[in-house]
Amino acid sequence: MSNSPLKGVLAAVAAATTLTALVSAPAQATTPQIGSAPAATGTSAPARATAGDPLGTTPTKAPRATRGIDKKVHAGKPAAAARAHLTEHAGTYHLDADSLKEIATTSTAKGHSSVRFQQTYDGVPVFGAQYVVQTRNIDGGVRVDSTTGHVYTELSGSMKPAVSQTLAQQRLHLDQTVASIEDPTITAQGLVVLPNGSGSPAWQFEVSGTSRAGKPISQQVFVDGRVGGIALSFNTLDTADDPGEPATATGTTFRGSTVTLQVTRTVAGSYELRDQSRAMHATNGGELRTYDAQGRNYTEYSGTMPADTPIYTSPTTTFNGAATSIGAVDAQLNAGKVYEFLRSHLDRNSIDGKGGTMNSVVNVTSNGKEYANAFWDGTKMVYGSYNGVPFASTLDVVGHEMTHGITEHTANLIYLNQSGALNEAVSDYFGNAMEDDDLGIAMNDPDSGLIGEYLCTDKAPKDCALRDLNDGRVAGTDYQLLPVDYDNGGVHANSTIVGGALWDIRQKLGGTITDQLVYAAQTDYLTPLSNFTDMRTAVEYAAKAQGLSAAQLADIGKAFDDHGIYSGWEEKTRTSDATPLIKDMVPTYEGWAQSAQTSAAIDGDRWASSVMDVEKYFAGDNQFNIVTGEFGKPDKTRTINDHDGWDLNPAMDGDRLVWTRITPTSVDIVEQKGEGLGGTRVVAGSEGDQIMPSVSGTTVAWLDVRGDETDVWVKQGDEPARNLTAASGTHATRVAVHGDDLAWVDSGHTVNTVNLTDGRTSSKKIPGWVFTSVKSLQFNATGLFVQTSGFGDSVLFADPADATTMRKLDFGKGLYSASFTVNDDYAAFDTYGPWSILGSAPSNEEMPKVQIAPVQDLLAGKATWQRAACGAGAEIAPQLGDGQRLVWLDTSYARTDLVTRESIAGTC
């Protein structure tokens, strides 16, 4: 978070973990000569600066001034004035203006301009680091009014990488999300600087495709340029050559209205849903186009457009029948309404601001069934349907998704945590504003804030709505601390907090003023790392620039106050009955590969966890370590990292601890063993990248990745390591060992077993949908437990040496789980309530909670699940030790702790 001391990769670059950001008071600029803006850790540059008071009733007040942040009037254009201002006030900004690359300058008819800069260091762009300088024309020159943004002033040293881009690309398989993509498309995007204290180089890649679970993915992956591990990874998706001639047609909308459409008559005499009548066509050739996917799977349209996808065509000027039922008429009609709203309300020429074509695709499916969603993929809209209702038929959904495109072209808010929730809030605001204006819904109507309320034909709007901007949520009490695995850290769950504040302003000041304020905030003030408080600042700065009255400024301040959005709102505490083992940590589970496996191991009185060392991270050194300890003995806790690489993914059995070690030259399985767990050594020397170890007694198994092959290796005692899958064509994804029994998964969906003593083998493809795949393998004394994912999670049970006996276990409830764990006595998993990320925010009981039951009851189909603990936050990644001993990651104290309980709570 930008106005809290950064506690990990996500806090530093708004990405890798969402669970540690809401802590501590903001640091102050070293020399606050201008304004009152707080600086973030890692920078002495203010996050915002202006000469007037922050508006409303925020706790911090700035010195008054009446002529902007800088009284000097500069000659030349806004960009030159902005650079001159930053240079002349270097004591405040601590920036070399030459390190800022101008991205764009936007200007208004009233003489206001915003100059947006990208920070570079050592000639390399700094991830997410942008600064915006707002100016106005005055007295024949240019005066600087304010500045906003997030840049980093403590970067030092060379950013020359030790790892080549080629090797970095080869190590993308270390990211479990990437490993789950079928036939990924990889686009190298060059070198960036991750702003971790002194900074570190990273190679950035976009990896797109479809996961084994059928989810469209466009993953941004950053491979550390010094070590070669995954530094950061997140998904960015929210889930006509014939010129022809213009023609007018009629269409029937899904709800039965007859509307006029501007279409294109082709040379062949048919009519296409191509609208060339808008102002953008004359100046830039832009069109409104609606394509028919003809029932193809939505995954084919995630980031791509199959060349044979036709523009929807009718033989006559009447569009009804299929054009109505699949939403083609509505998609074209609503795209036009969005375009005209942007042009008339915001003076914006199309989504890209340059008159570019607005493309829509309707009639996609999910494995032959309805695809109940819609998304903007960076270039176009893609629409499915729900219970026969096309998503394109509701203007607020269309406007919401297309606003994601505007955000992408302006503030480019990173789709995680607060910045991601802000991204969603802006889309909610404009989508709803477009629909309410179009339908004539009064702003004081109690249903004016409903989003998606017309997606149902069998429910009242209030019951159908996905979210409600009038839900009255307050940041300090209602912000949900969700991990990255859930809703990208709460981008939907938390959006109505800030979206509600914006909607309150619209209800008070009206659409004309508020739409301009929110748009100005988005285009002229916000940057990729902006958070809720930054949005307040942006709206207030925009309001001042537009000359709003004192009463209007007070209304704006009150709206944000009412939703608890002010400097320092994150400083809150909660309660939990668990005992912390590591406080305020950045777990590898969140920070590294977003793996479905836990990042902790436990055996007897000992535990181990893979953790990001925050202090060393900010020094640009030793980013991921193994921390070990003993229950009840805090003095026995120690950190393992005696080299220049990363340590992660521990596995433990008795006096033996094994894990993955990543260095610039190798990825190895290493171990420590003995009473003191000392003497680190490499377990084996297989040729590829060695990952995902499993240990049982003197046996260690792991996966070895070489190019397109991923083999299963094992080492028993002092015997040489051997490859169990030496034949070509193996694509192993999981491995587990227990005594003489070893199980592994091929291609994500075939479970194989082998007895290491007699060589007996078995193989079983897991039942279920085509996208069903294995998330984890675990043994206990009874058998093999296989956790699968697909359309809902399942756990299968099999004889330890015979996968063909596999059967599905009855949990007695829906299993929505990231992690399942089992020992000889108990089974536990983290699950959340019946909450959809498209709907309102989850209650505490709907957040991820760890549940536990006797394993024999689970096997018998009569498990009664009980709560492991009672806390106010998310509980994820549980790991069982002996009996009821559990460890897990907990966010109850507005941070991430590794916690434990010796016995279960039962009920809460």
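Buried means under 20% relative accessible area, exposed over 50%, and partly exposed in between, with a 1.4 Å probe and protein chains only. By that scale, cysteine 908 counts as exposed at 58% relative accessibility. This is a predicted model, in which local features need pLDDT of at least 70 and side-chain atom pairs count only at pLDDT 80 or more, while totals for chains, interfaces and linings use all residues. Residues are numbered from 1 along each chain as its sequence is written, and side-chain values use heavy atoms, with hydrogens and water left out.

**Nonpolar cores**

- A nonpolar core is a set of buried Ala, Val, Leu, Ile, Met, Phe, Trp, Tyr and Cys residues joined through side-chain atoms within 4.5 Å.
- The largest such core has 85 residues, and Tyr383 and Met535 touch the most other members.
- Helix H8 (residues 328-346) gives this core its largest share, 10 residues; helices (H or I, at least four residues) and strands (E, at least two) are DSSP runs, numbered from the N terminus.
- Leaving out residues up to four places away in sequence, methionine 535 touches Leu422, Val426, Val498, Leu502, Ala521, Leu526 and Phe560, where contact means heavy atoms within 4.5 Å.

**Helix H14**

- Helix H14 (residues 495-509) has 15 residues and reaches 21 Å from its first C-alpha to its last, close to the 21 Å expected at 1.5 Å a residue; the expected span is 1.5 Å times one less than the number of residues.
- H14 is mostly covered, with 12 of its 15 residues buried.
- Among these buried residues are Val498, Leu502, Trp503 and Arg506.
- Glycine 510, which follows H14, has a positive phi near 90 degrees.

**A four-stranded sheet**

- An open sheet is formed by 4 strands in the order E42-E43-E44-E45, with antiparallel pairing; two strands pair if DSSP finds at least two bridges between them.
- Strand E42 (732-738) and strand E45 (761-765) stand at the edges with a single partner strand each, so one side of each has no neighbour in the sheet.
- Strand E43 (residues 741-746) pairs with strand E44 (residues 750-755) in the antiparallel sense over 6 bridges.
- Leucine 742 has valine 754 in E44 as its bridge partner.

**Disulfides**

- A disulfide is a pair of cysteine sulfur atoms within 2.5 Å, and the count by this rule is 2.
- Cysteine 456 is joined to cysteine 464, S to S 2.1 Å; both cysteines are buried.
- The link of cysteine 456 and cysteine 464 is right-handed, with 85 degrees about the S-S bond.
- Cysteine 870 is joined to cysteine 908, S to S 1.9 Å, and this link is left-handed, with -90 degrees about the S-S bond.
- Cysteine 870 lies in the loop between strand E53 (866-867) and strand E54 (875-880) and cysteine 908 in the segment after strand E56 (897-901), so the pair ties together parts that are 38 residues apart in sequence.
- Cysteine 870 counts as partly exposed, at 23% relative accessibility.

- Most residues other than glycine have a negative phi.
- Aspartate 139 has a positive phi of about 50 degrees and is found in the loop between strand E6 (124-138) and strand E7 (141-150).
- Aspartate 139 is exposed, with a relative accessible area of 65%.
- Asparagine 363 has a positive phi near 70 degrees and is found in the loop between strand E19 (358-362) and strand E20 (365-366).
- Asparagine 363 counts as partly exposed, at 21% relative accessibility.
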